[in-house]
Amino acid sequence: MVSTFIQLLLSGAIAGSVYALLAIGLVLIHNGTGVVNFGFGDQLMVGVYILVFAQQFLGLALPPAILVAVIVSGLLGLAIQSLVMTPLRNRPVLIPIVATIAIGAALREGVRAFMGPNPWPVPFLLSTSPYRIGGISIVPSDLAILGTAIVIMACLYVFFEFTRYGQAILAACANPTGALIVGIPAGTTTTGIWVLSSMLAAIAGIVIAPLTTLTPDIGLIAIKGFAAAVLGGFASLPGAVVGGILLGIIEALAGYYISSAMKDIVSYAILIGVIVLLPSGLFNRVSVRKV
Amino acid sequence: MVTRREILKVAGGAMVLVATKSAYAADATGVTDDKIKLGILGDLTGHAAHWGTGNLAGGTLAFEEINAAGGINGRKLEWISVDSESSAPKGIAGFKRLVDQEKVFAIFGPTSSAVGVPLLKTMSSSSVPIFIPTFSSPLITNPPVKNIFRSGTLNDADQGRIIADYVAGISKKHSIAIMRQSDEYGKNGATNVSNRLKEIGNVKISEEQFNASDTDFTSQLLRIRESDADIMVVYGYPAPSAIVMRQAKQLGLPVQIVGSTATASRTYAATVGKEAVGTRSMTTTRYLPEGDSPEIVKFRKAFEARFPELARQTRPEATDQLAYHGAKTLIEGLRRAGRDLNREGLIKALEGLKDFETGIAEPTTFGPDRREGNRSGFVLEIKEDLSRTVLPKAYSAI
Amino acid sequence: MWGNLAWVLWLAIAALAPFLAGQYLLYNIGIVATTAAIVSGLTFLSGVAGLISIAQSAFVAIGSYGAVLLQMHLGIPLLIGIPVAAAIAGVVGWLLGFLCLRLDGHYLALVTLAFMGIVHYTIINLDITGGAVGLAVPSVTLFGFTLDSPMAIYVMAVTASAITLWSIDRLIHSRYGRMLRALRQSDIAAVSLGADRRSLRTMALATSAVAGGFAGGFQALQLTYLDPQQFTIVTAVFYIAIMVVGGMRSVHGAIIGAAIFVFVPGFLSGLEHYMAFILFFFVTVMIVVMPDGLVSIFSVGDRLSGWMASRHGRKNA
C-alpha cells in the first residue's frame, strides 16, 4: 500500500545513489577529458582495499585510514593519467577506451592476487539499525550513501561555479585552444580532473562497499553507473545524480510491481532507449568536425 | 588327467579375461620408479578464484606432507598446477595440456562448475582418473562416470534436498519463501529445494529471484514479508546473500533465514554485520576450519605455517579444508592401489573406500556405481558474537 | 610485401602443425585460428570503419547457439547450420547498425555494451538455450562419418578461419574498404565522394557479425560446449584487446593478437595468481607504447623506405 510504495521509493533512491556516485565520477572524467573511464569501478574497488590494507596491516584507525585511501587513490589516478592517458590523447577514441578497460582488469586481478579472492568485511560508517517510522524502515548507513552523493554533487557544483580553478577547468573543457591563450594549461586541468575523480572513486567505494561486500569484482557495478549517466544526459553532474536516483527507483518499482526478473533488463533497456531515441544534439561538447 | 576340454575351457576363459581388460589396464602413464605425477587444474584467477586457490593450497599441503613422511609405497608425488582462469575454453586447454603434454597420472580438480561441466565430455572420454574436492554440480557424478570421483563437498541436488528436509521440519506455518539467484546456481538450487518440498507435501512455496550483482532487494523482500512465510531460504553467492540477509532484518521480515553452503564461509558473518545473528546456513561438514577438533587444529596450524600470506586473509577457509580432505582421500586411494600402480588400480582402490575418515570433512564412500563421496550435510548457526556453531544433527540426502 | 609473406607463414604453420605439433599445441593453434577469425570481423568494423563495438561475442553467441539449436531441433547438419546461423547473426548486426546510425564514440560503445548484456541475459534465461548450464555441442557428421577427432576438428576450424580471414582481408583492400576508411576519417568528405553513410555503416556491422558468427560456430566445435560465461561483456572486451594489441588495421594484427593471448598465459603460468595481472599490465603497456599494435613492427620497414625515398626527392610508389 502507501507505506510499501514509500519504502520502495526510499530503497530505490538509496540504490540509485550508489549509481549516482558512480555516474558522477564517470561524467566528471568524460566532460573534463573526453574519455569514458571504463576502469572507474575498479578504481573504486582499489580505494576500498587500500582502506582495508591501511586498517588491518598498517594498524591505522578509521579516519587516517580513510585519508590514506583517498590520497593514494588520487595518486593512482595521477599515474594513470600521466603514464597512459596523456600519451594516448590524440589516438582514435577506441584506444583510450581499451586502455582504461585493461587498466581496470589489471587492478582487479592484481588485487585478487595480492589480497585474496575471498570477500573482505568493511566497517560501516554509520549504524545499520533501522528506524521504524510509520511502517517504513530507514537505515542510517543507507542514508549515508544518499547523503554522500548529494554532498559531493554540491561540493563539485560550488567548485566549478565559484572557484577559479574550477572555472579554469570548465573553460579548458569547452575550448582548449582559447583556454591556452588566456594562460590555462590544458595538461594540468586534465590531471586535476583525473586526480579528483580518482579520489571520488575512493570516497564512493568507502561508502558503498560495506553495503555490497568487498570482493575484487565489485568494480563491475560500474555498468549501472553508465546507465545512470546516460539517463541523466552525460552532460552535467546534477544530471548524473538525478539519473542515478531515477534509475534506482525505476528498478525498485519494476521489481515489485512487475517482477523481479525485470530488474536487470530495465537498466539495459533504458541505456539503449535513451541513447537511441534522444537526438544527438545532447552532446555537451561541440566537436569540430575535421574535413 | 587333464582333458583337452578342460584346457580349452581354461584357455578360453583366459582369453576372455584378457580381451575384456579395459583400456586403463596397464596404463601407468605418469608413474615412474620413484615418482607419481599429478596435475592440479583449478581457477587461480578470475571470478571463481577462491575455489581454485583453495584447491591448490589444500592439495599442496597434503601432497607435501605425504612426501615428507616418505611418499606412497616408495614413490614421491610431484605435481604441476594449471590455471583454468575461471573460463571453460581455458579449462579445456589446461586439461589437454596436463593429459597430452605433461602426461600426468591423475588430475586433482577442476574447481568450478563453469569449467567442470563443459569439460565433462572430454573428461569422460579420457582414461585419466579425475578427483574433484570442491565444485558441486550434480551432473558430474550423476550418472556416474568411471574415472570421475568427488569427495567432501555436497552436490547441489543433495543440498537442495537436505535444505528442504530441514526447513520443512522447522517451519511452523508450513510456508517457505525461496530467494534465489537468477543463474544456474540459484535456479537449480531452488528447483531442488522446491521439488523436495512438494514431495514432502503440505507446504506452501513462494519464490523470488535476484541477480548476483544487485545491491538492493527491497522489492523482493517486501513481497516475501507480505506472504505468510516463516522461513526464507537464500540461494545465491555470498555477496548478494549478505545484503539480502541484512536487508531482511532491516525490513523486519519475521523469517528464519537459511542460506546455502555459499554462505558457510568464515568471513561471511562479518560481511553481513550484526544482522547475521541467528541466521543459519547449510554446510558440508561438521568440522569448522576455525574449530578445535584435533585433526582440524593440526591442519590449521600446518596451513597457517605453510601459507602465511593466505593466513592473513583469514584462511584456511572451507575450500582449503575440502581440498586438503580430498587430497588425503586421493592419497589413500593411491596407497591402497599398491606398488604395482596403474590407472585401473587407482580407480578400483578408490571404489573400495567406505566411510574413509580424515577428520577434516565428512567421511568418503565410493562404490562400483557410486562416485559421490559425501551425501550428508549439517546446519550451522551464527551466534550473538558472530561466531559459528554447527548444530549436531546430520542430514543425509540418501 | 610483408602482407604476402605473412600469409605464407600462416598457411605454413597451419599445414605443418598436424605433423609436427603434439595434441595440446595443435588444439591451441586451432583456437588461435578461430579466435583470429572472430576478431577479424571486429578489425573490419572498428579498425577500418572506426566503429566501436563491444558486442562481438553476442554475434559469436548467435552463430554458435544458432547452429547447435538448428541441429538439435530441426535436424539441420552443423556444417550447414553454421553458415545459416552466421547469416542470422548478420541480419541482427544489420539491425543493430540501423539502430545506431547516428551514434559515435562512447555512445556507440554503450549501446553495443547494452546489446551484449541483453543477449547474455536472454541466453541465461531461456530454457531452449540450456539456461545458465549451457549446451553440449553435437559432433559433426558427414556422409555417415562422425568427424570428432581432434584432427578433423582442427581441419574444419582452420579451413573456416582461413576463409573468414581471407575474405575480410579482401574486403579491407576493396573499394568498399576504402570507402569505409574514408568514412572513418571524415563523414563529410566521404559523403561528398559518393559514399552512402547509412548503408556502409549497417553493412560494416553486418559483416563483422557474419564473421563473428561463422568463425564462432566453428570455435564451438573446438570447445565442445556452449557455456553462457563465454558470451559476456568480458569476452567482448577480450576480443577488443586482441585487436588492439595485435594491430587494428589488418587481419594479420588479429592473428598476432590472438596468438599472444592464447600462448602467453601458458608461459606465465609459473607466476600463478599474478598471471592475469601481469597479462593486463602488459596489455596496457603495449597500448601505450605501440598504439598501432604489434603488427606495426612490420610497417617500420615500409615507413623507413618511404622516409628515405622522400629524403631523396623520389615519390614512394
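Me: What makes Phe44(C), Val48(C), Ala49(C), Leu200(C) and Ala204(C) contacts of Leu180(C)?

Reply: In this predicted model, once the neighbours within four places in sequence are left aside, Leu180(C) is in contact with Phe44(C), Val48(C), Ala49(C), Leu200(C) and Ala204(C).

Me: How do you know how much area is buried between chain A and chain B?

Reply: The value is the accessible area that the two parts lose on being put together, summed over both, and for chain A and chain B it comes to about 3,300 Å², of which carbon and sulfur atoms give 50%. In residues, 44 of chain A are in contact with 38 of chain B.

Me: What makes the count of salt bridges between chain A and chain B what it is, and how many polar contacts are there?

Reply: A salt bridge needs a side-chain nitrogen of Lys or Arg within 4 Å of a carboxyl oxygen of Asp or Glu, and the count between chain A and chain B is zero, whereas 17 residue pairs are in polar contact, both residues being at pLDDT 80 or more. On the side of chain A that touches chain B, the largest share, six residues, comes from α1(A), and by class that side has 21 nonpolar, 14 polar and nine charged residues.

Me: Which values describe the interface of chain B and chain C?

Reply: The area buried there is about 2,200 Å², with 59% from carbon and sulfur atoms. In chain B, Lys96(B), Arg97(B) and Lys121(B) lose the most area to chain C, together 19% of what that side buries. The same rules find zero salt bridges and two residue pairs in polar contact. On the side of chain B that touches chain C, α3(B) provides the largest share, nine residues, and the classes are ten nonpolar, eight polar and ten charged residues.

Methods: Residues numbered from 1 in each chain as written. Chains lettered and ligands numbered in written order. Predicted model: local features only at pLDDT ≥ 70, side-chain atom pairs only at ≥ 80, totals over all residues. Heavy atoms only, no water. Buried area = accessible area lost by both parts, 1.4 Å probe. Polar contact = N/O pair within 3.5 Å; in protein donor to acceptor, adjacent residues only side chain to side chain. Helix = DSSP H or I, 4+ residues; strand = E, 2+ residues; numbered from the N terminus. Nonpolar A, V, L, I, M, F, W, Y, C, P; charged D, E, K, R; others polar. Contact = heavy atoms within 4.5 Å.
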